[in-house]
Amino acid sequence: QGPKAFWEMPDECCLCSLQAQIAFLQGERRGQENLKKDLVRRIKMLEYALKQERAKYHKLKYGTELNQGEIKPPSYDSDEGNDSEVPSPPNSSHQLSWKQGRQLLRQ
């Protein structure tokens with residue numbers, strides 16, 4: 001059955017199959033957009049973590065703050081998908097300053 005069979009189908013069948021294909025492609029597009037948003041959010045998070053690490057390393061090495069401007073957490077367009085992130089423990093800042101103090105004493 002070649003291309004003739006497609007054109008010989010009743011109009012309703014043709015219309016239904018085209019609508020199904022459109023719906024499928026729209027779903028694919030939405031999925032790709034969600035994936036893109038997620039990847040952009042992860043990139044921003046990694047860039048923020050890298051800036052923090054660079055500032056921390058600079059402070060430990062030279063004893064002064066790195067002037068990068070104010071390091072701000074990244075802002076996301078939407079808060080969707082943040083449920084998967086693990087919240088930091090309440091005393092994590094205390095542990096971080098304690099570790100930094102220990103490293104400074106070792107120098």
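Trainee: Why does Lys 56 count as partly exposed?

Mentor: In this predicted model, Lys 56 has a relative accessibility of 27%, and since buried means under 20% and exposed means over 50%, the value falls in between and Lys 56 counts as partly exposed. The place of Lys 56 is in helix H2, and its C-alpha atom is 8.4 Å from that of Leu 66, a residue 10 places away in sequence.

Trainee: What makes Lys 56 and Glu 53 a salt bridge?

Mentor: The closest N and O atoms of Glu 53 and Lys 56 are 3.9 Å apart, and the rule asks for a side-chain nitrogen of Lys or Arg within 4 Å of a carboxyl oxygen of Asp or Glu, so the pair is counted as a salt bridge. Both residues lie in helix H2, 3 residues apart, which is about one turn of the helix. An α-helix has 3.6 residues a turn, so residues three or four places apart point the same way. As for Glu 53, its relative accessible area of 46% makes it partly exposed.

Trainee: How do you know that Arg 41 is buried?

Mentor: The relative accessible area of Arg 41 is 11%, and because buried means under 20%, Arg 41 is placed in that class. Arg 41 belongs to the buried residues of H2, which are listed together with it as Cys 14, Ala 55, His 58 and Leu 60. Over the whole protein chain of 107 residues, buried residues make up 5%.

Trainee: Which residue forms a salt bridge with Arg 41, and why are the two about one helical turn apart?

Mentor: The partner is Asp 38, with the closest N and O atoms 2.6 Å apart, a value that lies within the 4 Å cut-off.

Trainee: What makes the pairing of Lys 59 and Glu 65 a salt bridge, and how is each residue classed?

Mentor: The side chains of Lys 59 and Glu 65 meet at 3.1 Å, N to O, and because the cut-off is 4 Å, the pair is a salt bridge. Lys 59 has a relative accessible area of 35%, so it is partly exposed, while Glu 65, at 52%, counts as exposed because the limit for that class is over 50%. Elsewhere, salt bridges that share partners join Asp 38, Arg 41 and Arg 42 into one network. By the rule applied here, the count comes to 5 salt bridges.

Trainee: Where does Lys 59 lie, and which residues does it contact beyond its neighbours in sequence?

Mentor: Lys 59 lies in helix H2, and, leaving aside neighbours within four places in sequence, it is in contact with Thr 64 and Glu 65. After H2 comes Gly 63, whose phi is positive, near 75 degrees.

Trainee: How do you know that the span of H2 agrees with its number of residues?

Mentor: At 1.5 Å a residue, the 52 residues of H2 should span 76 Å, and the end C-alpha atoms are 76 Å apart, so the two values agree. H2 covers residues 11–62 and has the highest mean pLDDT among the elements, 93, whereas helix H1, residues 3–8, has the lowest, 57.

Trainee: Why is Pro 73 called exposed?

Mentor: Its relative accessible area is 57%, and as exposed means over 50%, Pro 73 is exposed. Pro 73 lies in the loop between H2 and helix H3 (92–106), and its C-alpha atom is 7.9 Å from that of Met 45, although the two are 28 residues apart along the chain.

Trainee: What is the predictor's confidence over the chain, and where does pLDDT stay under 50?

Mentor: The protein chain averages a pLDDT of 75, with 57% of the residues scoring at least 70. The stretch where pLDDT stays under 50 is residues 79–91, for which the model has 5 contacts beyond four places in sequence.

Note on methods
Residues are numbered from 1 along each chain as its sequence is written. This is a predicted model: local features need pLDDT of at least 70, side-chain atom pairs count only at pLDDT 80 or more; totals for chains, interfaces and linings use all residues. Side-chain values use heavy atoms; hydrogens and water are left out. pLDDT is the predictor's confidence in each residue, from 0 to 100. Helices (H or I, at least four residues) and strands (E, at least two) are DSSP runs, numbered from the N terminus. Contact means heavy atoms within 4.5 Å. Buried means under 20% relative accessible area, exposed over 50%, partly exposed in between (1.4 Å probe, protein chains only). The expected span of a helix is 1.5 Å times one less than its number of residues.
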